[in-house]
Structure formats: C-alpha cells, structure tokens
Amino acid sequence: MTNVPNEHQDRRGFLIASAATAATAAGAAVWYQRTHPSSDVFIAKNQTYHGDLVRTIRDGLIACQFDPATIRGKRVLLKPNLVEPSRASPHMTTHPVMIQSAIEVFRGWGADVTVGEGPGHVRDSEQALIESGVMEALADMRMPFEDLNYQEVRMVENAGKACQLSSFYFPRAVIEADLVVSMPKMKTHHWMGMTGAMKNLYGVIPGIKYGWPKNVLHFNGIPQTVFDINASVGRRITIVDGIDCMEGDGPIMGTPKSMGLILVGTNLTAVDATMARLMDILPDRIPYLALAADRLGPIDDQRIRQRGERWEPLRNPFKILDREHLRHLRKDGAHFVT
Amino acid sequence: MISIVSSPPMPSKANQSLSSNQPDRTDLVLADWKAQQIKRLRAKPTIGYAAGEPVAAEPVAFAALAAVAYEQMDAAISACDCLRQAQNPDGSVAVNLDAIGPYWTTSLSCIAWRQLEIRQRIQAGEKYRTAYKRGLDFLLSLEGERISRTEATGHNTQLVGWPWVEGTHSWLEPTAMALLAMRHCGASEHPRAQEAAELLIDRQIESGGANYGNTIVLGQTLVPHVMPSAMSVVALHHIESLSDPLGPTIRYLQNELNRPMAAVSLAWTIHALVSVGLSQQQRFDMEFDWPLRSAINRLHRIEDNPHRQNLLLLSASLADSPLLNMSKMKLSTKASSNRKSQETS
C-alpha cells in the first residue's frame, strides 16, 4: 500500500514538463480521433464474479485491437470506482475480483501494474479500501495501492478547455502512467443520468487539492470537467464492471440490477455511449457525452464497431429517477422511479 | 465492547494502559508499540501523508499534537516551526506548505501552535501565539459559498462554514476543523464559531452519524460515515445548551467501533467517544484495546505510514490528547433558538 517509488522508478514521467504532458495528452486525443473515426467496443454477456474474467478481459482487449506489446515493461494504472464504499452496497463500487482479474491480464502482458483511486467522498482512503473489500483483494495479489487523494501532485494544463480551469493537478501515479485503465461500475447517476468510464476519471483528481467532494469540479460544471479531465489524461482504455450494476438513485443510493456484462474498449467515449444504449438511455442526452462526441470519441452507433455481443438484444432499461432534469434521457418516458 | 456505566473514572494519563481491565500481555504490546512510535516521532516529526511523500501540513500538525501529548517538546517545536515557516503573509497554511493552497490546513496548524504555546514558557510561546492569531484572521476571512436552497438538498445551504477550497460550498469536515481551531484559540464566542456549530448540527443525519456533508439528496437520506461523524462530535463536545443533539451520532460511532475501522477514522472515533465521556455525566467505560490493536496490525501489514501511526498514537493518549484540550463553549441564544426551531419543525 506504500506509494514510495523504488529505485528503478525514477519518476521519469514526473520530470516531464507539465505543459509538455498536457500537450501530449491533447495531441494524442486529437490524433486518435483523426486516425480512428470508428472505435471498437467489446461486450461479454453471462459473466459472473466467479467466472473466468481474466479470459473475458483479455479477449475483449484483443478484440478491440489493443496491442499487448505496447505496454510491455510500461506502467499501467488501474483506476476502479471506490467513490463512497459501503459493505451494504457492493453494487456501488467496482468488484474486487474485477480488479484482480485486470491485474492478472496486464501482469501477464509484462506491464508494471498499480491500482490507484482518489475516493471522491471518503477522506479516509484506508477505510474505503476496507469497506469495498479491495484491501484484501490487493493483499492477495501483493499489489500496492496508489492513494491518488494524497499523493504528490503536479500541475497539468487543461487540454480540453470546456471549463474555466486553466489546469488540473494530477497525482504522480497518473502522470507517470503509460496507460490509465478506467474501471467503472455500470450505474445511473442522479445528476448526469449515468456514470461510466469517463466520469470515473474524476477519481484521478486529488482530494487534497479539490476537496471531498471535489466541489471545485462541480462549481466548474460536471460535464465540462469530465470532458476536460478525459482530454488531459494520457492514454486511456476502459474495462467496465457491468455484472452487478446500480439503477435508480445512483451513483450511491441506487438499487442493485443484475446485468452480467463486461464492457471493454480503447475509447472511453464509445464505451460510455454503448453503456448508455444498454441502459436504454440516449447517449447524446448525457451532457458530457454530447461534449465528447467526435472530439474524444464517437457516440454515433454507426461509428462504433461492436465486438463480442451486440448491444441491441442485451438492452435492459435501468430505472432512472423521475426528475425534471432526467426525463429527457429517454424517448418513451418509461422506467422512471421516484 | 463499550458499556455505559455510571461515572467510572476516566483514564487520565497519556502513558496509562489503554485497558486497565485487561492487564495481560496485550497491554505490553501496546506499550511497546507506543514506545516505538514515540521514538520514531522524535526522530522525524516533519512528514508527509505516506512514507516517501512530500512533507504536508496536516501530517505535520498531527505530529506536533502527538509530540505534545507525549511531551516530546523538541519534536513538537520542530513540527510547529515547520508550519510557521510555511505560513503565508495572509496567515494561511496550505496543504502542501506552499503559497498555492488550498488552505484548509490552517485550522490544524492553529491548533498545533496553540497547544505548543500552552506547554511553552510565556516568552517562548509568543511566536506561536502570533502565528495562530494570524491563522485565525485568515480563517475568518474565508467563507463557504451559500447555494440556493432547493428541494434537492436536505441541509441548510445558507449556513456559512468553511469550504475545502475557496469559492466552493461549506462542508462538514473543514468546518469541524475550523471550529476546533477557533475553540482552541479562544474564539468560541465569535459568530462564525457559533454558525459553524449550527452547521455541524444541521448536517447530522436524523438516524445518527454524518455523511461527508449532505443529509438528504433528492429525497433520499444519505448514509453516515465514521470520520465526519467523529469529527462532528469532537468539534461539538463540551458545548453547553445542547441537550442531546449528537446522541444518535454517538450511538452510531459506538456501533461502528465493533467493525473493522481504519487508522484515521479510528483515531477520530476514539477522540469523539473520549470527549463524550468528558462531557457527559453518564460516562462510558471505554475499552479501545481491540480496535487499536486491530488498526495497528492492519497498518503494519499494508504499509509503514507515520502519519496514520501518529494519529493512532495521539488517540491512544485518550483524555490527555491535546486535541481535546478546550474549554467549554456556549451556544448563543440565536444559535440555540435556531436549533430548537429546527428540532420542532
């Protein structure tokens, strides 16, 4: 659980000038969009936490044209969602077995893997690890935890510029990572409609600088800051825990919904758009997806290549709170709850 | 684990056994652990949040308090001087000891300076007195943003406490820290301290405990969490005119103590329950051996973290913790009547 860099980890990434880092991230995002007008999204059904998730994740990444050779010897940061863990609500946070499985996949490909999160609501990170069961899971894998809320930070230019913040503070582990793997839980969100791979990256923002909750981001606009953070982080992919999900008053107080799905993709926007369709939500009505469309990735179904299962037969409407700001998320006005 | 009995004597010495009821080898283990930790603290009081991380204000402030608790005055002076050197011209102390901010750690710095001043001779303590007075001036200049009150939120969004970051809403934990600072530094009668107390009471969940800051959102009551609950109790202890507004929160913490609890949350919880014992006529027969040993062992397994160890060490000083070294506070008539009207409604 220590965050101490070892002798071989010379903080090379951390020595990169912050402006150069942001420029690289922004350039990479634009380059990706130009060279990848379409994106692959892999869906696996009938998944359980007792199943062979390592194989599913590995197959999914390969199906999405992820090249394992690109991460051999490189740093991979797995970023689960541990926003406000509670033993009573395991459907709120990324399941520990998902994290263990991803560790195994990337270790198997020769990557230098770490797991990190900056819980958004719980200031005691150790308590968040206990409540979520992730502490034991990491101990089993002899895996350290990068506490993104309290780690050394550096300023990185806001490469998205949708909000008024000129820069973000990112923790060392995020700046040093060659690949950040967003590992969200498939959930509804009582303000945004849904939360997925892109929103999960709120957790790379350090609480020590932004608070608990990260209210600076809220005051600067949730959709805008979600977009900007995604534009400013370097190379990203996602593995979504869509097995036991949350509907209704998510992302904290919602009710369990079993889907048995794993989603994988190398473009977070495309995966989130597909996740929305699975939940019977119109992707272009999700404010941060509307902002990201064709800038960080495609949300148009015609430009998303389905790998594994198709989403249409798996669509299963998630209940959404019956509130004015959420009613436009569906065409038919069904499946709302008070 | 905790039973309520009628007025047993409270443990009163920092180095006293944590469990006088169980004089077995467990006591020896904790005593050994404390001796090791004091030695470590003495050797390096200026630390970061984790081993290898940069020195930061919160860990240094708690190191100072732990050093004061165990009469390691050289370490306490070293830590307090580190904070003093980082104090900005406006009186603030930033989380990373720089000029950039945010500055919520000013509160903890003030508490550390004040407690060191108490232990120092008058002349030597003057520089710390100057530091915390400047710190208080900064705190009084910083307010959380009021936001429109709608049906979406259950808490009173018009009460002004302290934000984590300038320009954002008031939240429970920075408000609790600021209230503690004001009480420690003799400003408990200030209207801002009075409003802070109101805010903390307003943010308690009816069934007990506190979330990180909200109570009800979009019609749903949120779940309580240990650390903000415990911080509320510590900040509000020894306040007159409060009948039993924190009773459910105290019971919540008592129950949580029976479950695995992380080091920082446990440290605040021990402070909270000890403070309740100090405040109430019905005192607790508290026994913290098991949770302390459990947290120490867990910490030992996962990482060498001096900051978390310092917090546990500080909490192990029980009633002698300098964090609890405050005089009584009285709520103003206005605050009391506001409270009563809320209870009625």
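In strand β9 of chain A, residue A:Thr195 is the bridge partner of A:Lys187. The strands in question are β8 (residues 185–189) and β9 (residues 193–195), which pair in the antiparallel sense over three bridges. The model is predicted: local features need pLDDT of at least 70, side-chain atom pairs count only at pLDDT 80 or more, and totals for chains, interfaces and linings use all residues. Residues are numbered from 1 along each chain as its sequence is written, chains are lettered from A and ligands numbered from 1 in the order in which they are written, and side-chain values use heavy atoms, with hydrogens and water left out.

**Strand β8 of chain A and its partners**

- Helices (H or I, at least four residues) and strands (E, at least two) are DSSP runs, numbered from the N terminus, and two strands pair if DSSP finds at least two bridges between them.
- A hairpin of three residues joins β8(A) to β9(A).
- β8(A) also pairs with strand β10 (residues 236–247) of chain A, in the parallel sense and over two bridges; here A:Lys185 stands opposite A:Asp241.
- Five of the five residues of β8(A) are buried, where buried means under 20% relative accessible area, exposed over 50%, and partly exposed in between (1.4 Å probe, protein chains only).
- In a regular strand, side chains alternate between the two faces of the sheet.
- Both faces of β8(A) are covered, with A:Lys185, A:Lys187 and A:His189 on one side and A:Met186 and A:Thr188 on the other.

**Salt bridges**

- The structure holds 29 salt bridges over all chains, each being a side-chain nitrogen of Lys or Arg within 4 Å of a carboxyl oxygen of Asp or Glu.
- A:Arg55 and A:Asp59 form one of them, at 3.7 Å from N to O; both lie in helix α2 (residues 53–63) of chain A, four residues apart, about one turn of the helix.
- A:Arg55 counts as exposed because its relative accessibility is 51%, whereas A:Asp59, at 39%, counts as partly exposed.
- B:Arg259 and A:Glu131 meet in another salt bridge, at 3.1 Å from N to O.
- B:Arg259 lies in the loop between α9 (247–256) and α10 (263–279) of chain B, and A:Glu131 in helix α4 (residues 125–132) of chain A, so this pair joins two chains.
- In that pair, B:Arg259 is partly exposed at 28% relative accessibility, while A:Glu131 is buried at 13%.
- A network of salt bridges links A:Glu126, A:Asp147, B:Arg298, B:Glu303 and B:Arg308.

**Chain B**

- Chain B has 13 helices and six strands, and buried residues make up 63% of its 345 residues.
- B:Ala193 lies in helix α7 (residues 191–202) of chain B and counts as buried because its relative accessibility is 0%.
- Leaving aside neighbours within four places in sequence, B:Ala193 is in contact with B:Leu179, B:Met182, B:Ala187, B:Ser188 and B:Met329, contact meaning heavy atoms within 4.5 Å.

**Cysteines**

- No disulfides are found over all chains in a search of the whole structure, a disulfide being a pair of cysteine sulfur atoms within 2.5 Å.
- For B:Cys80, the nearest cysteine sulfur is that of B:Cys82, 9.5 Å away; B:Cys80 is buried, at 0% relative accessibility.
- For B:Cys110, the nearest cysteine sulfur is that of B:Cys185, 5.1 Å away; B:Cys110 is buried, with a relative accessible area of 0%.
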